[in-house]
Every structure is written in C-alpha cells, then in structure tokens.
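Here is a friendly walk through one protein model, with the sequence and the coordinates at hand. Take a look at the structure first, and then read on.

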Amino acid sequence: MVVTQQNYIPNSQLVIKVLADAFESDPDVFIDKTNKNPSSSSNSQWYCERDGSETCVMNTVDFKVGDSLNIGIKCVVACSYKLKAQYVRVIDLADSERT
C-alpha cells in the first residue's frame, strides 16, 4: 500500500483489519515500511497476532505521503480472510461518557 495524498488523512489513525472468513481461520497481520515481506513480529514495525480476526491501529505521525506500507498476512494453517484499510479519527471520551 502506497500512502498518497488522496488516501492520507493527517491527525488520524490508519486501521488495518484482517477479517477471518472461515471458522478456525487465524490470520495474523505484519506491516513494515522497509521489509517487502513482513512475516513475523521480529521483522515488522507493526504487527497483530491474536486468535481470530486482527485489527492494527497505526498513528499517521509514524508514516508520511510517499511511504510504502508492506502488509504481510500469515496463517499457521490454511485460512480465508478479507483485508480492509481505513482512516479513522480518534475521539477522546471523558470517564462519564464511557458506558
């Protein structure tokens, strides 16, 4: 994924979601700006490794327009998934607003 002026929203966060399509699918996501094939936490700047679907949240101060974000998906066993990316704005809630 190349960060372009059209797909970059300053002061926001980039959310990369890997959604499991099948029961027992466990895709893990690895993201790096320099490594073309990120596949583990040791060779990735950002990574999400939990059971089931993954959601990685990256602050836009960590990358800029023109950067390439290389995304790797790894499954221990064969799995099926969808990959989605979107920018979101963070809204701070006061303790009284949280339920």
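## The disulfides

C75 counts as partly exposed, because its relative accessibility is 25%, and the cut-offs put anything from 20% to 50% in that class. Its partner is C79: a disulfide joins the two, with 1.8 Å from S to S. C79 is partly exposed as well, with a relative accessible area of 22%. Please keep in mind that this is a predicted model, so the bond lengths here are computed from predicted atoms.

How many disulfides does a search of the whole structure find? The search finds two. Besides the C75 to C79 bond, C48 and C56 form a disulfide, and their sulfur atoms are 1.9 Å apart. Both C48 and C56 are buried. If you number the bonded cysteines in sequence order, the pairing reads 1-2, 3-4.

## The overall build

The secondary structure of the protein comes to six strands and zero helices. Reading from the N terminus, the elements run β-β-β-β-β-β. The C-alpha trace spans about 40 × 40 × 25 Å along its principal axes.

Of the 99 residues, 29% count as buried. Among contacts with a separation of 6 or more, 74% are between residues 24 or more positions apart. The protein exposes about 6600 Å², and carbon and sulfur atoms supply 48% of that area. As for charge, there are 10 positive and 13 negative charges, and their mean positions are 7 Å apart.

## The nonpolar core

The largest nonpolar core has 14 residues, and the members that touch the most other members are L14, I16, V29, I31, M58, F63 and L69. Strands β1, β2 (28-32), β3 (46-48) and β4 (54-59) each supply at least two residues of this core. Which strand gives the most to the core? That is β1, with three residues.

Leaving aside residues up to four places away in sequence, I16 touches V29, I31, E54, T55, C56, M58, I71, L83, K84 and A85. One of these, C56, is also a partner in the disulfide with C48.

## V15 in strand β1

V15 lies in strand β1, which covers residues 13-20. Is V15 buried or exposed? V15 counts as buried because its relative accessibility is 9%, and buried means under 20%.

Not counting residues up to four places away in sequence, V15 touches T55, C56, V57, K84, A85, Q86 and V88.

## K82 in strand β6

K82 lies in strand β6, residues 81-88. This lysine is partly exposed, because its relative accessible area is 45%. Beyond residues up to four places away in sequence, K82 touches K17, V18, L19 and D21.

N11 is found in the segment before β1. With a relative accessible area of 70%, N11 is exposed. The backbone deserves a glance here too: phi of N11 is near 55°, a positive value in a residue other than glycine. Most residues other than glycine have a negative phi.

V77 sits in the loop between β5 (70-74) and β6. At 51% relative accessibility, V77 counts as exposed, because exposed means over 50%. The C-alpha atoms of V77 and D92 are separated by 38 Å, although the two residues are 15 apart along the chain.

Key
Residues are numbered from 1 along each chain as its sequence is written. This is a predicted model: local features need pLDDT of at least 70, side-chain atom pairs count only at pLDDT 80 or more; totals for chains, interfaces and linings use all residues. Side-chain values use heavy atoms; hydrogens and water are left out. Helices (H or I, at least four residues) and strands (E, at least two) are DSSP runs, numbered from the N terminus. Buried means under 20% relative accessible area, exposed over 50%, partly exposed in between (1.4 Å probe, protein chains only). Contact means heavy atoms within 4.5 Å. A disulfide is a pair of cysteine sulfur atoms within 2.5 Å. A nonpolar core is a set of buried Ala, Val, Leu, Ile, Met, Phe, Trp, Tyr and Cys residues joined through side-chain atoms within 4.5 Å. Accessible areas come from the Shrake-Rupley method with a 1.4 Å probe; for residues, only the protein chains shown count as cover. Lys and Arg count as positive and Asp and Glu as negative; His and the chain ends are not counted. The place of a charge is taken as NZ of Lys, CZ of Arg, CG of Asp or CD of Glu.
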